[in-house]
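Reader: I have a structure to read and some questions about it. Can we go through it step by step?

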Amino acid sequence: MAKRGGKRQVGAGYRFHVTPGLFLNSEVPVADNSGAKLVKVIGLVGHIAKGTHRRVKGAGVGDMVVVVVKEGKPELRRQVFRAIVVRQRRPFRRPDGTWVAFEDNAVVLITPEGDPKGTEIRGPVAMEATLRWPSIANLASIVV
């Protein structure tokens, strides 16, 4: 069977479509204990298309985004990191037909190698994020 996804695919070889819930310039809380409290989304990783005129790119659960730390430890503030979206408020549909929505949006900061910066994740984590990123699944206490 042919490998799905393009050359610039990040994470799993393929993934189910998730309705985007985070967009550029969204301010999102951090769900891990890395020291950052609030981050701002400044880019999306792995989107192959250049985009459509006047369309703001969005990220859903399990996507990798580029963020800058707005609130947190002084040594982390104004630093640029990559993060994985683990929760989103906007409802998204799973392949079995169920709809899932969380109370808040949240991301987990990761290192350039792809490992989480923190050692624990507070709150639930979407199953789509754990399937795509096994290192996050190891730290998750609740998977929904």
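Reader: Which residue forms a salt bridge with Arg132?
Author: This is a predicted model, and the distances come from its atoms. A salt bridge requires a side-chain nitrogen of Lys or Arg within 4 Å of a carboxyl oxygen of Asp or Glu. For Arg132, the closest N and O atoms of the pair are 3.0 Å apart, and the partner is Asp63.

Reader: How many residues apart are Arg132 and Asp63?
Author: Arg132 belongs to helix α1, residues 127-132. Asp63 sits in the loop between β4 (58-59) and β5. The pair links distant parts of the chain, and the separation is 69 residues.

Reader: Is Asp63 buried or exposed?
Author: Buried means under 20% relative accessible area. Arg132, with a relative accessible area of 11%, is buried. For Asp63 the relative accessible area is 7%, so this residue is buried.

Reader: Which residue forms a salt bridge with Arg94?
Author: Arg94 lies in the loop between β7 (92-93) and β8, while the other member of the pair is in helix α1, 34 residues apart from Arg94. At 11% relative accessibility, Arg94 counts as buried. The closest N and O atoms of this salt bridge are 2.8 Å apart, and the partner is Glu128.

Reader: What is the relative accessibility of Glu128?
Author: The cut-off for buried is under 20% relative accessible area. Glu128 counts as buried, because its relative accessibility is 15%.

Reader: How many salt bridges does the structure hold?
Author: Side chains of opposite charge can pair when their charged atoms come close. Besides the pairs above, Asp104 forms a salt bridge with Arg87, with closest N and O atoms 3.0 Å apart. Asp104 is in the loop between β8 and β9, and Arg87 is in strand β6, 17 residues apart. The number of salt bridges in the structure is three.

Reader: Asp104 or Arg87: which one counts as buried?
Author: Buried means under 20% relative accessible area, and exposed means over 50%, with partly exposed in between. At 27% relative accessibility, Asp104 therefore counts as partly exposed. At 7% relative accessibility, the one that counts as buried is Arg87.

Reader: Which backbone nitrogen lies 2.7 Å from a polar atom of the side chain of Asn105?
Author: Asn105 is in the loop between β8 (99-100) and β9 (106-110), and at 18% relative accessibility this residue counts as buried. Leaving aside neighbours within four places in sequence, Asn105 is in contact with residues including Leu22, Val28, Pro29 and Arg87. The backbone nitrogen at 2.7 Å is that of Arg89.

Reader: In β5, what is the bridge partner of Lys40?
Author: Strand β3 (residues 36-44) pairs with strand β5 (residues 64-72). The two strands run in the antiparallel sense, over seven bridges. Within this pairing, the partner of Lys40 is Val68.

Reader: About how much accessible area does the nonpolar patch with Phe23 have together?
Author: Phe23 is in strand β1, residues 22-23. Patches are made of residues with over 30% relative accessible area, and Phe23 is partly exposed, with 33%. Phe23, Leu24 and Val56 form the patch on the surface, and their accessible area together is about 230 Å².

Technical notes. Residues are numbered from 1 along each chain as its sequence is written. This is a predicted model: local features need pLDDT of at least 70, side-chain atom pairs count only at pLDDT 80 or more; totals for chains, interfaces and linings use all residues. Side-chain values use heavy atoms; hydrogens and water are left out. Two strands pair if DSSP finds at least two bridges between them. Helices (H or I, at least four residues) and strands (E, at least two) are DSSP runs, numbered from the N terminus. Patches are made of residues with over 30% relative accessible area and no salt bridge: like charges are joined within 9 Å, nonpolar side chains (Val, Leu, Ile, Met, Phe, Trp, Tyr) within 5 Å. Accessible areas come from the Shrake-Rupley method with a 1.4 Å probe; for residues, only the protein chains shown count as cover. Buried means under 20% relative accessible area, exposed over 50%, partly exposed in between (1.4 Å probe, protein chains only). A polar contact is a pair of N or O atoms within 3.5 Å; within protein, one must be able to donate a hydrogen and the other to accept it, and residues adjacent in sequence count only if both atoms are side-chain atoms. Contact means heavy atoms within 4.5 Å.
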